[in-house]
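Dear colleague,

I am handing over the structure below, and my notes on it follow directly after. Please read them with the coordinates open beside you.

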Amino acid sequence: KQKEMMKKTIDELKRKSEQGSMQIQGDVQELDLGRILRERFPSDLIQDVPTGIRGADLIQNVHNQYGQKVGIILWESKNTKSFLNDWVVKLKEDQGRVKADVAILATKTLPTDVFCFSLIKGVWIVEYQYVIPMVRMIRRQLIEIVTIKQSLVGSGKKMEYLYEYLLSSQFKNKI
């Protein structure tokens, strides 16, 4: 009985030590992701979400070439042996809480039916090695969307001015 209890204790301690090392591996990957994003996109503001606080790992405030904020990308980083669908649900909830435009889950292990990256339930799942190409595309889209929105501001008034000019005697005289 004593031997059996010792074996249980040893197994429990072994499990706890492995779990701790998995947490450390995840933290290292998260720090690495933050470093890479800061290096590649120096105009963006990359914020760490402190450990222990509910939410994703990183918040990336995307800025255009003029320094204007154009959107928010929410990042979750996972370094595990298997993929859990619960991560997608949690990240989607975090996205709503933070009001992020895009949520990305960077992971070393993808779902079995995904190759490189995929959009699942509104969350981008990307293999860790493809993070930079993925974020380049998403940043470009966020910047273009804001540019289009800005060009549409006051478009009704501009059309009104154009219509008035086309009906004016000034335009008729030129024609």
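Leu-58 stands opposite Trp-75 in β3, and in this predicted model the two strands concerned, β2 (residues 58–63) and β3 (residues 69–78), pair in the antiparallel sense over six bridges. They belong to an open sheet of six strands with mixed pairing, whose order is β1-β2-β3-β4-β6-β5. Because β1 (45–48) and β5 (117–120) each have a single partner strand, they stand at the edges, and one side of each is left without a neighbour in the sheet. From one strand to the next, the twist averages 25°.

Helix α3 (residues 131–152), for its part, lies across β2, β3, β4, β5 and β6 and runs at about 155° to β3.

Within helix α3 I would point you to Ile-143, which has a relative accessible area of 8% and is therefore buried, the cut-off for that term being under 20%. Leaving aside residues up to four places away in sequence, Ile-143 touches His-63, Asn-64 and Val-70. The C-alpha atoms of Ile-143 and Asp-86 are separated by 30 Å, the two residues being 57 residues apart along the chain.

Lys-99, in the loop between α2 and β4, has a phi near 65°, which is a positive value in a residue other than glycine; Lys-99 is exposed, with a relative accessible area of 67%. Lys-121, whose place is in the loop between β5 and β6, likewise is not a glycine and yet has a positive phi of about 55°, and Lys-121 is exposed as well, at a relative accessible area of 64%.

Definitions and conventions
Residues are numbered from 1 along each chain as its sequence is written. This is a predicted model: local features need pLDDT of at least 70, side-chain atom pairs count only at pLDDT 80 or more; totals for chains, interfaces and linings use all residues. Side-chain values use heavy atoms; hydrogens and water are left out. Two strands pair if DSSP finds at least two bridges between them. Helices (H or I, at least four residues) and strands (E, at least two) are DSSP runs, numbered from the N terminus. Axes are lines fitted to C-alpha atoms, for helices over the stretch in contact, and angles run from 0 to 180 degrees between N-to-C directions. Contact means heavy atoms within 4.5 Å. Buried means under 20% relative accessible area, exposed over 50%, partly exposed in between (1.4 Å probe, protein chains only).
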